[in-house]
Amino acid sequence: AVAAVRAEPWRLRIVNGCHEAPIWIAHEAGPTSGPGEQNARIDPGQHRDFPTADGLSATRYWPKMGCDDHGDHCMLGGSGGPGQACVIRNPGGDD
């Protein structure tokens, strides 16, 4: 049997250690959102592998929680990065 070869290395694994709620992962690489799925949902106790291209000089991955079904409108982690809405909450809370 011949093993399938991926075009890009998958060197980053993110695990959801929260046992009560899903997390969503957003990311950027340079000025764009980078390779792989944006707003990737990871259910409690599960993991997801992300591609990291050779020669990548900078990247950022961050978790979001309390999101809608598309990983948007989150209670935590909305940062305004590429393809992301910036969440602004009043000091007293908006809820």
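This briefing walks through a sheet, a nonpolar core, some ring contacts and one glycine. The model is predicted. Its open sheet has three strands in the order 3-2-5, paired antiparallel. The largest nonpolar core is made up of seven residues, and one aromatic pair is counted.

**The sheet**

- Strand 3 (40-42) and strand 5 (60-64) stand at the edges of the sheet, and each has a single partner strand, so one side of each is left without a neighbour there.
- On average, neighbouring strands of this sheet are turned by 30° against each other, with direction ignored.
- Strand 2, covering residues 23-28, runs antiparallel to strand 3, and three bridges join the two.

**The nonpolar core**

- The seven members of the largest nonpolar core are Ile 14, Ile 23, Ile 25, Ala 40, Ile 42, Phe 50 and Tyr 61.
- At least two residues of this core come from strand 2, and at least two come from strand 3.
- Nonpolar side chains tend to be buried together in soluble globular proteins.

**Rings and their partners**

- The count of aromatic pairs comes to one.
- This pair is formed by Phe 50 and Tyr 61 in an edge-to-face arrangement, 5.4 Å from centre to centre and with 65° between the planes.
- The pair links distant parts of the chain, as Phe 50 belongs to strand 4 (residues 47-50) and Tyr 61 to strand 5, eleven residues apart.
- Phe 50 has a relative accessibility of 2%, so this residue counts as buried, the cut-off being under 20%.
- Another ring to look at is that of Trp 62: Arg 60 lies over its face, at 3.8 Å from the ring centre.

**Gly 77**

- Where does Gly 77 lie? Its place is in the segment after strand 5.
- Gly 77 has a relative accessible area of 25%, so this residue is partly exposed.
- Not counting residues up to four places away in sequence, Gly 77 touches Trp 62, Pro 63 and Lys 64.
- Gly 77 and Ala 26 are 51 residues apart in sequence, while their C-alpha atoms are 8.8 Å apart in space.

Methods: Residues numbered from 1 in each chain as written. Predicted model: local features only at pLDDT ≥ 70, side-chain atom pairs only at ≥ 80, totals over all residues. Heavy atoms only, no water. Pairing = 2+ DSSP bridges. Helix = DSSP H or I, 4+ residues; strand = E, 2+ residues; numbered from the N terminus. Axes fitted to C-alpha atoms, helices over the stretch in contact; angles between N-to-C directions. Buried < 20%, exposed > 50% of the residue type's maximum accessible area, 1.4 Å probe, protein only. Contact = heavy atoms within 4.5 Å. Phe/Tyr/Trp six-rings, centres within 6.5 Å; stacked < 30°, edge-to-face > 60°. Lys NZ or Arg CZ within 6 Å of the ring centre and 35° of its normal. Core = buried A, V, L, I, M, F, W, Y, C linked by side-chain atoms within 4.5 Å.
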